[in-house]
Amino acid sequence: MKKNKIEMNIIEAQEDMCKSYFGGCPGALISGIVWLTAGITALVSTEQISVLVFFFGGMLIHPLGIVLSKALNRSGKHKTGNPLSSLALESTFLLFIGLFIAYFVLQIRPNWFFPIMILIIGARYLVFSSIYGMRIYWAFGAALILSGFGGFLFNLPFHIIGLIGGIIEILFSLIIFYIEKKKLKLTGN
């Protein structure tokens, strides 16, 4: 039986994902802005409004990340047949599971909402190391996971992990941006 898909090895698939989405930097930047906005909202408003900002802002991460990828002269779309596209989609389900758990815990222990979410998102960034072939995502995921554990351990106020998550995501998005720009200079692409 003949396959209709383009077959590519793991290195080609990772390079395609990196090139198409600028190493994931645009999505991480938008996500960081969502986290920061939700944290600030929790500080100046209510926890419930902060969660709504986080939820609806989260829905905008992927589409705005694509727009930003295109603004950075990337396609914002990987090649048909890239085997890593399934992994990217499958890892998204982690977010829905985390949101489901965090929402129910919010009713009992509001201060645990953001720590739960940051643990889940940190775990997802560990998967991004395989998707993009970039070890920086191990450090990125670990930083988020450690801050989530810190949120539980120190029972931090509701808004703090929102702010910390935003700062971590924005900082790592800038690091990834730098790595990708450096790669561009070396390869001339």
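This is a dialogue on how to read some features of a predicted model.

Biologist: What should I know before I look at residues?

Modeller: The model is predicted, so local features need pLDDT of at least 70 and side-chain atom pairs count only at pLDDT 80 or more, while totals for chains, interfaces and linings use all residues. Residues are numbered from 1 along each chain as its sequence is written, and side-chain values use heavy atoms, with hydrogens and water left out.

Biologist: How are helices defined, and where does Ser91 lie?

Modeller: Helices are DSSP runs of H or I with at least four residues, numbered from the N terminus. Ser91 is part of helix 4.

Biologist: Is Ser91 buried or exposed?

Modeller: Buried means under 20% relative accessible area, exposed over 50%, and partly exposed in between, with a 1.4 Å probe and protein chains only. Ser91 has a relative accessible area of 4%, so Ser91 is buried.

Biologist: Which residues is Ser91 in contact with?

Modeller: Contact means heavy atoms within 4.5 Å. Leaving aside neighbours within four places in sequence, Ser91 is in contact with Arg124, Val127 and Phe128.

Biologist: How do I read the way helix 1 and helix 4 cross?

Modeller: Axes are lines fitted to C-alpha atoms, for helices over the stretch in contact, and angles run from 0 to 180 degrees between N-to-C directions. Angles under 35 degrees count as roughly parallel, over 145 as roughly antiparallel, 65 to 115 as roughly perpendicular and the rest as oblique. Here the axes of helix 1 (residues 10–21) and helix 4 come within 9 Å and cross at roughly 60°, and therefore the two helices are oblique to each other. Helix 1 makes the contact with Ile10, Ala13, Gln14 and Met17, and helix 4 with Leu84, Ser85 and Ala88.

Biologist: What kinds of residue make up that contact?

Modeller: Ala, Val, Leu, Ile, Met, Phe, Trp, Tyr, Cys and Pro count as nonpolar, Asp, Glu, Lys and Arg as charged, and the others, Gly among them, as polar. The contact of helix 1 with helix 4 has five nonpolar, two polar and no charged residues.

Biologist: What is a pocket, and how much space lies in the largest pocket?

Modeller: On a 1 Å grid over the protein atoms alone, a pocket is an open set of points where a 1.4 Å probe fits, with protein on both sides within 12 Å along at least five of seven lines; lining residues have an atom within 4 Å of a point. Grid points are joined across faces, edges and corners, and a volume is the space filled by probe spheres set on the points. The largest pocket holds about 910 Å³. It is lined by 34 residues, and the closest to its centre are Ile61, His62, Thr92, Leu95 and Arg124.

Biologist: Which helix gives the most to the lining of the largest pocket?

Modeller: Helix 3 does, with ten residues. The lining of the largest pocket divides into 23 nonpolar, ten polar and one charged.

Biologist: Where is Asn73, and what is its phi?

Modeller: Asn73 sits in the loop between helix 3 (47–71) and helix 4. Its phi is near 65°, a positive value in a residue other than glycine. At 72% relative accessibility, Asn73 is exposed.

Biologist: What about Pro110?

Modeller: Pro110 is in the loop between helix 4 (84–106) and helix 5 (113–132). Its relative accessible area is 27%, so Pro110 is partly exposed. Beyond its neighbours within four places in sequence, Pro110 is in contact with Glu47, Val105 and Phe158.
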